[in-house]
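Here's a quick briefing to read alongside the model. Have the viewer open and follow along.

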Amino acid sequence: MSEHDNLQEADGKKATESTPEKAEKITSEDQSETNSKESIETPETAVEHDAVDENDEEKVLNEIEESNAEDAEDEGNKDRHQIEHKEYDKMSLEALTEELEKLVKSEKVQAIKSHVENIRSEFKSKFHSLLEEKKEEFLNDGGNEIDFYYSSPIQKQFKETYKEYRSNLNAHYKNIERNLKDNLANRLEIIEDIKGLFNVEENINTTYKHFKELQDRWKNAGPIPRDKYNNAWNSYHHHVEMFYDFLHLNRDLRDLDFKHNLEQKVKIIERAEELAEDDDHNRAFRELQALHKMWKEELGPVGKEHREEIWERFKAATKKINDKRQAYFAELDKVYEKNLEIKHEIIAKIEAIADKGANSHNAWQNNIKEVETLRNEFFGAGKVPIKVNEATWAKFKDAVRTFNRNKNAFYKDLKKSQYENLQKKLDLIKIAEDNKDSDDFDTTTPLMKKIQSDWKKIGHVPRKNSDKIWKQFKTACNHYFDKLHAAKDAANAEGNEAYAEKIKLLDELKGLSLSGDKKTDLEAVKTFISKWKEAGNVPPHKRYIEGKLNKALDATFKKLKLNSKEAELIKFDTKLDVLNNASDSRHLDNERSFIRKKIKDVKAELNQLENNLQFFSNVNDDNPLVQDVHKNIEKHKQELELWKTKLDKIKELY
């Protein structure tokens with residue numbers, strides 16, 4: 001097929017078949033506000049193309065023609081190829097707003113249409129999710145759905161920026177609309193002037209000069225409407241070729257142009273063949289578009305003997321570039337399909353959580369955290385094939401909505417029980433406040449402890465009331481128990497004096513200077529212990545000081561290098577003295593029971609170790625395992641002897 005085959009008739013009517021260099025115009029893709037897509041630059045649209053078949057060459061040529069027609073209508077459009085399409089689905093509301101502002105301020109308004117609409121789509125989806133979360137919080141706090149209102153500064157900022165973009169875009173289109181019409185009229189006039197050259201009776205050199213002037217006018221005529229682009233160019237090329245055929249009377253002029261055009265078209269082919277080896281498929285295809293634009297718009301025809309050959313060579317390079325690009329998108333589609341599987345798995349997990357539900361606040365909180373994690377995984381899972389993108393997003397939103405409905409139903413019932421709990425706790429507060437000044441400690445103390453226990457069992461109340469009623473209840477209870485403790489402190493003045501004395505003795509023990517003579521130092525420690533016993537008993541709630549004494553004695557015995565048994569018995573004697581002098585004999589009884597149990601436990605462990613030793617009857621005594629068992633037996637025997645000694649001491653007190 002040659003360049004001049006199947007061209008349009010001279011009257012400008014559309015040809016019935018497409019030409020190799022001038023593909024037939026195809027219908028523009030929908031450029032709607034909510035789903036604007038670049039026809040060739042984004043993988044999302046590329047993977048929508050049909051499988052490679054016998055019409056693949058025509059498809060890629062039509063694709064290139066359509067994109068070049070779009071660029072020809074408004075030269076600023078071509079800048080869209082250099083503006084990065086970022087992963088908007090992974091951006092936050094703040095990041096999306098910042099990206100929109102940057103594009104509106106720094107890029108040509110007509111070049112960012114698909115970028116802006118993709119950003120807007122992601123912003124709307126993410127803000128809708130945020131709105132639902134805020135609404136749930138409002139309802140969970142006891143609000144009525146009809147009263148819910150939420151406004152965000154970031155939403156206002158985004159809307160203002162988007163409004164600025166729309167205003168700029170409308171102003172731009174209004175500005176170029178008249179120019180497009182004027183430029184089209186000018187180009188049609190140039191075509192008519194070229195047609196008129198065939199009937200002019202003048203010197204051929206003069207006619208050729210006029211023709212070149214018309215070509216220069218054409219090159220500088222400016223952009224025209226996209227839907228008129230192919231017809232205008234096809235008509236222009238048709239009449240240019242007719243003029244060159246008309247120049248057969250002056251072959252030198254015609255052949256000179258043919259030679260120049262051939263040289264330039266060969267350079268274009270060679271560049272296309274280089275691009276066929278480029279691994280950056282998008283970049284190679286974008287430059288290929290530019291080469292086709294140069295081939296069509298900047299260069300005239302070549303000699304008939306070369307037309308078929310160079311066009312087929314250019315088509316072959318074009319096909320190779322497109323084949324590599326389609327193979328790349330096919331691999332990319334596999335990734336998108338895998339992402340789709342992952343997103344379906346995430347949706348299934350959310351649906352399972354929604355179906356399972358929960359029967360407690362904590363369980364629902366765990367579910368909420370789990371769903372939030374799954375939501376983040378969904379947003380981070382990557383892109384899916386564009387043909388299922390909306391359906392996948394709708395299914396995801398439906399799963400999350402179902403979960404939220406079930407959660408809200410639970411919390412609605414929970415609110416009812418929380419108000420019942422509130423009334424129960426208000427009743428306890430009344431009891432606490434009615435009895436906080438009581439002097440009947442024997443009767444009131446058990447009552448106050450009971451209502452504290454009942455408070456813990458009642459459960460949650462509405463969050464807005466929680467802190468207030470707890471503070472009220474705590475204040476009443478603390479008032480009573482402070483009064484109780486003050487009364488006990490007054491009754492235990494002697495115990496408080498003993499406590500104060502023991503505090504001083506404890507400081508004295510910590511600062512005790514040792515002479516280095518074990519016997520002398522041990523007598524000093526025993527003298528100190530006698531002073532401790534003579535100080536008397538401390539109040540029950542201050543008995544922790546006995547534990548501090550034991551820690552201080554341990555440190556002193558360590559310095560004396562006293563054996564552990566002797567040190568333990570000295571401390572035990574002190575402990576027995578405290579227990580024996582206590583007003584409640586149950587403390588001494590409890591200690592005796594404890595020691596008897598320890599003796600029983602140690603005996604059982606000792607018997608077990610001795611039984612274990614029988615398993616080593618055929619093993620030498622120097623075996624490490626045997627030696628370890630013997631050491632353990634000896635340790636338990638010493639421990640048993642110590643506990644028996646303690647039991648003998650405590651028996652002496654009965």
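The protein has 20 helices and zero strands; both are DSSP runs numbered from the N terminus, with helices being H or I of at least four residues and strands E of at least two. Heads up: this is a predicted model, where local features need pLDDT of at least 70, side-chain atom pairs count only at pLDDT 80 or more, and totals for chains, interfaces and linings use all residues. Residues are numbered from 1 along each chain as its sequence is written, and side-chain values use heavy atoms, with hydrogens and water left out.

**Overall picture**
- Of the 654 residues, 41% count as buried (under 20% relative accessible area; exposed is over 50%, partly exposed in between, with a 1.4 Å probe and protein chains only).
- Take the contacts (heavy atoms within 4.5 Å) between residues at least 6 apart in sequence: 77% of them join residues at least 24 apart.

**H3 against H5**
- Helix H3 (residues 93–106) packs on helix H5 (residues 153–196) at about 25°, with the axes 10 Å apart; axes are lines fitted to C-alpha atoms over the stretch in contact, and angles run from 0 to 180 degrees between N-to-C directions.
- H3 and H5 are therefore roughly parallel (under 35 degrees; over 145 is roughly antiparallel, 65 to 115 roughly perpendicular, the rest oblique).
- On the H3 side, the contact residues include Leu93, Leu96, Leu100 and Val104, while H5 brings in Ile154, Phe158, Tyr162 and Tyr165, among others.
- The residues of this H3–H5 contact divide into eight nonpolar, four polar and three charged (Ala, Val, Leu, Ile, Met, Phe, Trp, Tyr, Cys and Pro are nonpolar, Asp, Glu, Lys and Arg charged, and the others, Gly among them, polar).

**H12 against H13**
- The axes of helix H12 (residues 386–435) and helix H13 (residues 441–458) come within 10 Å and cross at roughly 165°.
- That makes H12 roughly antiparallel to H13.
- In H12, Leu428, Ile429 and Ala432 are among the residues that meet H13, whose partners include Leu447, Ile451 and Trp455.
- By class, the H12–H13 contact has nine nonpolar, three polar and three charged residues.

**Helix H9**
- Buried residues of H9 include Phe285, Leu288, Leu291 and Trp295, along with Lys296 and Glu297.

**His210**
- His210 sits in helix H6 (residues 204–219).
- At 31% relative accessibility, His210 counts as partly exposed.
- Not counting residues up to four places away in sequence, His210 touches Leu197 and Glu202.
- His210 and Leu197 are 13 residues apart in sequence and 8.2 Å apart in space, C-alpha to C-alpha.
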